[in-house]
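Please find below a short note on side-chain contacts in this structure. It is set out as numbered points, to be read with the sequence and the model at hand.

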Amino acid sequence: MAVDVSTAAFAELQASRSGLASLLRSTSDVETALSDFDARLSSHLSALSTVSDTVSPLQSHAVATRALRSRIDRAVSPALALLQAFSLVRSLQRRLLRLSPSPSDPGTLIDYVDCVDRLHDAVAGVAADCDPAVQRLQEAVEFLSRTKATDRLRLRRLQETLTALQAIYADEVDALRYEGLLDEALVRLQDDYESLLLLLKHNALGESDGPDQFAQSTDGSDLAPLASPLQVQALRRISQTLATNDCLDIAIDIFVKVRYRRAAKALMRLSPEYLRTYAPEEIDAMGWAEVEPAITLWIRQLELAVQTLFALEKQLCRDVLGPLMDGVVWPECFAKIADRIMAVFFRFGEGVARSSKQPHKLFKLLDMFDALARIRPQLESTFDGEPGGDIRARFRELQKLVVHAAAKALWEFGLRIEGLQDAAEPSPGDGSVPKVVRHAVHYLKCLATARYAGPMERVLRTERNWREDPPSRPPVDDASDDGLLRDVARNILEALQRNVEAKRARCGKKDRALPHVMATNAYWYVHTRTRGTELAKLVGEETMRATFKNAAEQAAFAYQESAWGMLLSLVERDDAAAKAEQGKGKARARAKLEEFMRGFEVNMRKHRSLYSFRDADLRNQIREAVEKTVVPAYAEFLHANAAAIPVRAFLPPDSIRALIRQAFDAAEEGEEEEGKKPSSVPKPEGEKVPQRRERIRRGQERPPELGGSGSFGH
């Protein structure tokens with residue numbers, strides 16, 4: 001078993017030895033082959049080195065060629081784009097020359113603006129492409145010069161071309177932008193812009209030269225815009241084009257200048273010569289007959305300016321200039337257009353408000369106040385924002401001036417009536433209604449009408465609030481303030497009554513009855529002219545009746561006492577005296593009648609030439625009262641003394657009545673009654689005149705009412 005193992009191991013060792021021997025032989029063969037290959041490789045490498053030295057310049061030339069081609073490609077692309085841009089500019093210039101825009105045809109203007117905008121973009125493209133093209137060509141020339149990829153002749157030509165291109169860039173591009181057809185087109189657009197703006201007229205103010213579809217809306221309620229949509233589009237496009245080409249200030253200047261001229265021309269058609277005629281500081285020197293119609297025109301034209309003219313101008317300004325600078329430009333432009341025109345209106349209104357506060361100006365001042373109140377909401381909405389702040393502030397200042405002027409004019413009226421009590425104003429020589437009474441009644445009646453009562457009440461309320469100046473209290477508009485005008489009217493009427501009484505006291509020195517005639521006429525005038533009017537409703541019907549109707553009755557009774565009292569005392573029957581002087585009855589009765597007739601003749605003469613009851617109704621009542629007082633007393637006296645007095649020696653009662661009627665009928669006819677006339681005088685009661693007169697004198701009975709249930713002296 002041991003022998004077998006050793007034999008196997010020995011066999012394996014032998015086999016290993018044979019393998020190692022074979023491997024050594026193979027290794028020796030490989031080493032020999034490698035030596036041969038190394039010899040051959042050295043020979044080949046030597047040959048390759050020679051080839052490499054030969055090919056190396058060609059390789060550098062290929063690299064330089066590729067770099068030059070890249071430089072040329074980079075220079076040619078911008079140059080081609082520049083050539084295309086130049087071609088587009090020339091094409092647009094030719095098209096621009098063919099177009100013929102007209103302001104009367106906004107569509108052609110829009111086409112022209114489109115071409116101008118495209119030309120502007122093309123010129124901008126040329127300017128943008130020229131710089132890169134020049135820069136790339138300069139890089140290529142510098143590369144050729146540095147690498148000497150071409151000969152000197154070609155290099156010089158390239159440098160000359162580059163210099164020419166730089167000159168074109170410096171001169172031609174600027175000429176395209178600022179001097180060529182683009183500049184001419186912009187100038188033409190400015191002219192067309194102005195012409196188109198001039199075409200837009202204020203037809204609502206009578207500027208239309210013919211039928212215009214834009215003058216008024218279909219329902220007539222709202223004013224149509226000044227420009228059609230196509231005109232607005234053309235104007236807006238021109239504005240934007242001019243702004244894009246650095247002409248925004250020119251566009252604004254044209255717009256403001258043209259629209260101011262057009263607005264002023266529209267107002268001139270309303271004949272506002274007064275705005276040039278009356279300097280604010282000279283209004284007091286002008287006649288009121290000239291200034292008053294000017295104020296009426298001013299009110300109407302200011303309303304038209306704010307509510308129509310400037311409303312339309314604002315809409316046009318916003319439509320045309322609104323897109324510029326995010327809407328910042330147009331409010332300033334509109335304020336510039338309106339400022340000068342509104343300043344002229346303000347100057348005139350301020351001149352009127354600052355002039356003397358004479359009472360007769362009150363009603364025009366109230367018209368101004370009412371108009372300003374109506375205009376204010378529209379004005380504040382039209383001139384809104386910061387640009388319109390100056391106009392709004394001046395408008396509010398004008399309102400304040402008018403409020404103070406109107407309040408002062410009313411106070412001045414009351415003060416003048418008070419002052420006339422002590423003034424040397426003569427009373428009417430015929431006892432007719434004094435002028436101050438007529439004027440005051442007419443003045444207050446006008447003031448109490450619906451047209452003036454409301455504005456006057458607001459003026460008084462506003463002026464009082466400003467005078468009190470409560471810092472935290474808002475203006476009061478409740479019904480408790482409605483009595484301001486009523487109190488003022490009552491105070492004026494009280495002053496008027498004191499004025500009449502002062503005149504009554506002064507003129508009583510010449511004739512005892514004349515002042516009572518004047519007072520009767522004056523109070524009756526106030527009563528009849530105010531009855532049923534707004535003034536009576538304002539002050540109170542009962543207050544007016546209790547004050548002036550009763551005062552007229554008292555004055556009428558005083559007239560009767562002064563004019564007829566002494567005559568009546570001559571013919572009144574005195575039974576006690578008659579019994580005491582029975583023997584002297586004939587002579588005494590005759591003497592009384594003679595004295596009565598002399599006094600009667602004097603009275604008739606005074607009634608024909610001195611005393612005047614111009615109101616027909618009042619005159620009839622006075623005449624009837626005199627007849628019912630004098631004729632029965634005279635007839636009774638004649639009847640009582642019939643035996644002592646010859647019948648034909650004295651006038652019969654009917655003749656006395658006829659003479660009284662003639663005397664009163666000869667009086668001057670007055671103006672017609674305003675409003676309701678007083679009721680007719682009823683027939684007298686059966687009581688005797690002297691007895692009732694005595695009770696009235698003693699205060700036991702009121703005198704009879706004029707136009708009421710009794711008559712004078714009855």
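1. In this predicted model, Arg 237 and Asp 117 form a salt bridge, with their closest N and O atoms 3.1 Å apart. This pair links distant parts of the chain, since Arg 237 belongs to helix H5 (residues 229-244) and Asp 117 to helix H2 (residues 106-147), 120 residues apart.

2. Glu 501 and Arg 504 meet in a salt bridge of 3.3 Å, N to O. Both lie in helix H14 (residues 484-506), and because they are three residues apart there, about one helical turn separates them. Glu 501 is partly exposed, with a relative accessible area of 33%, and Arg 504 counts as buried at 16%.

3. Some salt bridges share partners: Glu 303, Asp 370, Arg 374 and Arg 458 are joined in this way into one network. The count for the structure comes to 27 salt bridges.

4. The aromatic side chains deserve a separate point. The structure holds 14 aromatic pairs. In one of them, Phe 413 and Tyr 443, the ring centres are 3.8 Å apart and the planes are at 15 degrees, so the pair is stacked. Phe 413 is in helix H11 and Tyr 443 in helix H12 (residues 435-448), so parts 30 residues apart in sequence are tied together. Phe 413 is buried at 4% relative accessible area, and Tyr 443 is buried at 2%.

5. How are the rings of Trp 564 and Phe 600 arranged? Their centres are 6.1 Å apart and their planes are at 50 degrees, so this pair is tilted. Trp 564 in helix H17 (residues 541-571) and Phe 600 in helix H19 (residues 585-609) are 36 residues apart, and the pair links distant parts of the chain. Both residues, Trp 564 and Phe 600, are buried.

6. Two further contacts complete the note. Phe 363, Phe 413, Tyr 443 and Tyr 452 form one aromatic cluster. The charged end of Arg 188 sits over the ring of Tyr 112, at 5.6 Å from the ring centre.

Methods. Residues are numbered from 1 along each chain as its sequence is written. This is a predicted model: local features need pLDDT of at least 70, side-chain atom pairs count only at pLDDT 80 or more; totals for chains, interfaces and linings use all residues. Side-chain values use heavy atoms; hydrogens and water are left out. A salt bridge is a side-chain nitrogen of Lys or Arg within 4 Å of a carboxyl oxygen of Asp or Glu. Helices (H or I, at least four residues) and strands (E, at least two) are DSSP runs, numbered from the N terminus. Buried means under 20% relative accessible area, exposed over 50%, partly exposed in between (1.4 Å probe, protein chains only). Rings of Phe, Tyr and Trp (its six-membered ring) pair if their centres lie within 6.5 Å; planes under 30 degrees apart count as stacked, over 60 as edge-to-face and the rest as tilted. A charge sits over a ring if NZ of Lys or CZ of Arg is within 6 Å of the ring centre and within 35 degrees of the ring normal.
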